[in-house]
Amino acid sequence: MEEIQSKQSQGRVADAPSGHWVYRALPRGLWPYAQLARWDRPIGWWLLMWPCWWSAAMAAAAHAQPGDSIASVLPSPWHLFLFLAGAVAMRGAGCTYNDIVDTDIDEQVARTRSRPLPSGKVSRKQAWAFLIAQSLVGLVVLLQFNGFTIIVGIASLATVAIYPFMKRFTDWPQLFLGLAFSWGALMGWAAHFGSLELAPLLLYFGSILWVIGYDTLYAHQDKEDDALVGVRSTARLFGDRTKQWLVALYGGALLFFVVAFANAAVPMPALAGLVAAAAHMARQIKVLDIDNPEQCLKLFHSNKIVGWLIFLGLMGGGVWATVSPSF
């Protein structure tokens with residue numbers, strides 16, 4: 001079991017699982033870079049990837065009809081791979097940038113002071129070099145898409161650039177995270193059609209509400225330290241009303257998703273995924289204890305399941321339309 005990293009010793013960061021492959025497979029000299037990119041905490045790239053995959057699946061299933069080939073109503077495997085690779089690269093770049101900006105805050109918060117920069121395991125110059133390297137990987141991935149998708153992807157950098165500063169100025173930094181983390185809802189549709197319509201915009205708005213909801217759960221881990229250092233968040237803003245806010249946020253997200261599916265003429269069976277996701281979200285809200293940091297983290301992680309349910313629902317809806325004689 002690796003000890004928690006500090007200025008005096010090297011180890012794992014406080015919120016990374018012990019025994020992770022990063023600490024078993026990589027040389028110790030690479031641990032700080034893996035920590036900057038959050039390779040030891042993969043949930044972030046899952047959550048960044050899901051709007052991309054939803055959008056790609058929604059675009060493929062749009063207007064599916066009996067007689068269509070199954071391949072034609074499923075998202076391109078190549079696009080799914082590119083979105084996966086891009087999510088890993090750009091989530092790592094974004095986290096590295098966030099750590100550079102937030103070093104002074106991270107030093108004062110128990111959960112984050114073990115990160116590589118506040119613990120002195122990498123210099124700011126090394127972190128910037130690693131940020132550039134990850135960004136170049138992301139650029140190579142982006143250049144595999146059509147020209148319109150490349151432009152849409154580059155536009156996302158504005159949301160990424162401003163997010164780390166928002167916790168200093170507004171109680172709604174989770175909104176700005178939503179703007180950045182939901183951008184894939186536009187990318188998947190753009191990659192498929194080379195244009196944007198109302199459906200991916202509705203998916204984007206729904207994803208923003210979903211992100212605000214799950215990141216509020218995450219922020220409840222640090223609310224006491226955040227109050228001491230002056231960091232603002234929806235967790236602190238909502239406080240004891242968090243469950244009511246989650247009902248509104250998750251409910252609003254699902255409503256946007258339903259309207260997006262309808263606007264895209266996605267076959268009706270795709271709604272089964274949304275029903276299952278709604279049940280999962282309802283369970284999150286029911287069991288939530290905002291004063292239990294470990295549970296908040298566990299519930300935050302469980303949103304990976306929401307991603308799978310919606311994605312599989314979209315693919316199932318497209319396939320159903322092609323094989324069902326009564327569609």
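This is a predicted model: local features need pLDDT of at least 70, side-chain atom pairs count only at pLDDT 80 or more; totals for chains, interfaces and linings use all residues.
Q: Which residues is F261 in contact with, leaving aside neighbours within four places in sequence?
A: F261 touches M58, L203, V266, A270, L271, L274, I310 and L314.

Q: And which residues have the most contacts inside the largest nonpolar core?
A: They are W54, M58, W210, F261, I310 and L314, in a core of 70 residues. Helix α3 gives the most to this core, with 15 residues.

Q: What other core lies apart from it?
A: Another core, of twelve residues, lies apart from the largest one, and Y33, I100, V101 and F130 are among its members.

Q: Back to α3: at what angle do α3 and α10 pack?
A: Helix α3, residues 43-61, and helix α10, residues 184-193, pack at about 40 degrees, and their axes are 6 Å apart. Their crossing is right-handed.

Q: Which residues meet there?
A: From α3 come P51, C52, S55, A56, M58, A59 and A60, and these meet G184, A185, L186, G188, W189, H192 and F193 of α10. By class, ten are nonpolar, four are polar and none is charged.

Q: Changing topic, how far apart are the axes of α4 and α8?
A: The axes of α4 (residues 77-101) and α8 (residues 157-166) are 9 Å apart, with an angle of about 35 degrees between the helices. This crossing is right-handed.

Q: Which residues make that contact?
A: M90, Y97, N98 and V101 of α4 make it with L157, V160, A161, Y163, P164 and F165 of α8. Nine of the residues are nonpolar, one is polar and none is charged.

Note on methods:
Residues are numbered from 1 along each chain as its sequence is written. Side-chain values use heavy atoms; hydrogens and water are left out. Axes are lines fitted to C-alpha atoms, for helices over the stretch in contact, and angles run from 0 to 180 degrees between N-to-C directions. Helices (H or I, at least four residues) and strands (E, at least two) are DSSP runs, numbered from the N terminus. A crossing is left-handed if the near helix is turned anticlockwise from the far one by less than a right angle, and right-handed if clockwise. Contact means heavy atoms within 4.5 Å. Ala, Val, Leu, Ile, Met, Phe, Trp, Tyr, Cys and Pro count as nonpolar, Asp, Glu, Lys and Arg as charged, and the others, Gly among them, as polar. A nonpolar core is a set of buried Ala, Val, Leu, Ile, Met, Phe, Trp, Tyr and Cys residues joined through side-chain atoms within 4.5 Å. Buried means under 20% relative accessible area, exposed over 50%, partly exposed in between (1.4 Å probe, protein chains only).
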